[in-house]
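Biologist: I'm new to this one. Can you put it up and walk me through it?

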Amino acid sequence: MEAYSSQVTNSQGTKQLPLRWVLVVPFVLQIVGAAGLVGYLSVRNGQQAVETLVTKLQSEASDRIDQHLDSYLTTATHVGKVNADAMDLGLLDPEDLEGTSRFFWRQMQLYDIGFILFGSVSGDFSAAGYFFEDGSISVNEVSPAKNGNGDLYTYNTNEKGDRTELADVDPSYAFQAEAWYAETITKPKAHWTEIYPWQTEPYPLSVDYIKHKNDTAGTLIGAIGIEQRLDQVSDYLGKLEISPSSTTFILERNGDMVASSTAAPPFQLVDGAAQRISEIESDNPTISGVSKAIKQQFGTFTAITSAQQIKIALDGTRQFVKIAPWQDTLGLDWLVVTAIPEADFMGQINANRRTTIWLCLGALGLATVVGVYTSRWITKPV
């Protein structure tokens, strides 16, 4: 008797695929297809989850930065108004330079401020603030009538704000030429000065809230200035935890740097003088790269009137970028930019992808072995 073949034949007797293959291949393909589909959907859902998470983190970070800017800069406007009211009520005598500077010193203990200043049209000047970099609060004075010159005298203070010793003398200090005073005289309405760098180390960027002061007869007697140092904003951005490699920075509408979470300075020294830099000139590659991408997409920074989220490729890494406008009622108009690299969140997803590949290979091997033995079990009787 002729033995039966384990190959399938058609009606014309032509040989087709071996029965073993017919049994094994579809089974293996189903297993591999199912595992591959599950792996693909897992990775895709992981990426979508990352985008959702990044969007949420950036929104939360922008809200916190907005709140900090509101609080930090509103403090200056509040103190400026308090000082003007104190002079109006006779609680603060601007002609008493020592008493005025002591009053300012006490305010420095209560508020997060860089400097408090008052200059009179008669040439007197009194101030208190962080003149030195040791964290101590000094008081300053210019009094042509008292001292016989226009020099700036800086005094160390004790725990009560009293002057203890003369720490520094700056000859012929012309406070009238500085923006906080000059702009107040020409523009009586309270406003912010342009951002400017100090010309002494460590060259911090500052912005001043300025307010003119009239006497009871409406005659101008001087200007009040409240200086906020923007390196404090940079310190806040640097401590803000968003992701391991995130970068946050703030720009003016003309592209000049305001503050950043990086160590890159927002100025450069030219012939010994500090000059502000634009975002393109930043030493930080993320800041310069992200800024260029924003300009390419929107044309100019002034075109961004609402919060925007974009994705860019930077040095082979995809970056999630959020640009959010921040403004106040006195003319400040900045852009808060948050850049988060996708790689900060793809580590676990890539690990899952590798696990999925190994599972697929394992499933393929197991399905092949099971299929072979099953096909033998089926075809052997045949």
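Predicted model: local features only at pLDDT ≥ 70, side-chain atom pairs only at ≥ 80, totals over all residues.

Biologist: At what angle does H5 run to E13?

Modeller: At about 40 degrees.

Biologist: Which strands does helix H6 lie across?

Modeller: Helix H6, residues 285-298, lies across E12, E13, E16, E17 and E18. Helix H6 runs at about 120 degrees to E16.

Biologist: And the sheet itself? What order do the strands come in?

Modeller: E13-E12-E18-E17-E16. It is an open sheet of five strands, and the pairing is antiparallel.

Biologist: Which ones are the edge strands?

Modeller: Strand E13 (257-260) and strand E16 (308-314). Each of those pairs on one side only.

Biologist: How far are neighbouring strands turned against each other?

Modeller: By 25 degrees on average, with direction ignored.

Biologist: What holds strands of a sheet together, in general?

Modeller: Strands pair through backbone hydrogen bonds, and they can do so parallel or antiparallel.

Biologist: Back to this model. How many bridges join E17 to E18?

Modeller: Nine. E17 spans residues 317-327, E18 spans residues 333-341, and the two run antiparallel. For a landmark, find Phe 320, which stands opposite Ile 340 in E18.

Biologist: New topic. Where is Leu 57?

Modeller: In helix H1, which covers residues 19-88.

Biologist: What does Leu 57 touch?

Modeller: Leaving aside residues up to four places away in sequence, Leu 57 touches Ile 242 and Phe 345. Leu 57 and Ile 242 are 185 residues apart in sequence. In space, their C-alpha atoms are 6.6 Å apart.

Biologist: Now the surface. Which residues form the nonpolar patch there?

Modeller: Ile 357, Trp 358 and Leu 361. Together they have about 370 Å² of accessible area. Ile 357 sits in helix H7, residues 343-379.

Biologist: Why does Ile 357 count as partly exposed?

Modeller: Because its relative accessibility is 45%.

Biologist: What separates Thr 186 from His 212?

Modeller: Along the chain, 26 residues. Between their C-alpha atoms, 9.6 Å.

Methods: Residues numbered from 1 in each chain as written. Heavy atoms only, no water. Patch = residues over 30% accessible without salt bridge, like charges linked within 9 Å, V, L, I, M, F, W, Y side chains within 5 Å. Areas by Shrake-Rupley, 256 points an atom, 1.4 Å probe, with all protein chains shown as cover. Salt bridge = Lys/Arg side-chain N within 4 Å of Asp/Glu carboxyl O. Helix = DSSP H or I, 4+ residues; strand = E, 2+ residues; numbered from the N terminus. Buried < 20%, exposed > 50% of the residue type's maximum accessible area, 1.4 Å probe, protein only. Pairing = 2+ DSSP bridges. Axes fitted to C-alpha atoms, helices over the stretch in contact; angles between N-to-C directions. Contact = heavy atoms within 4.5 Å.
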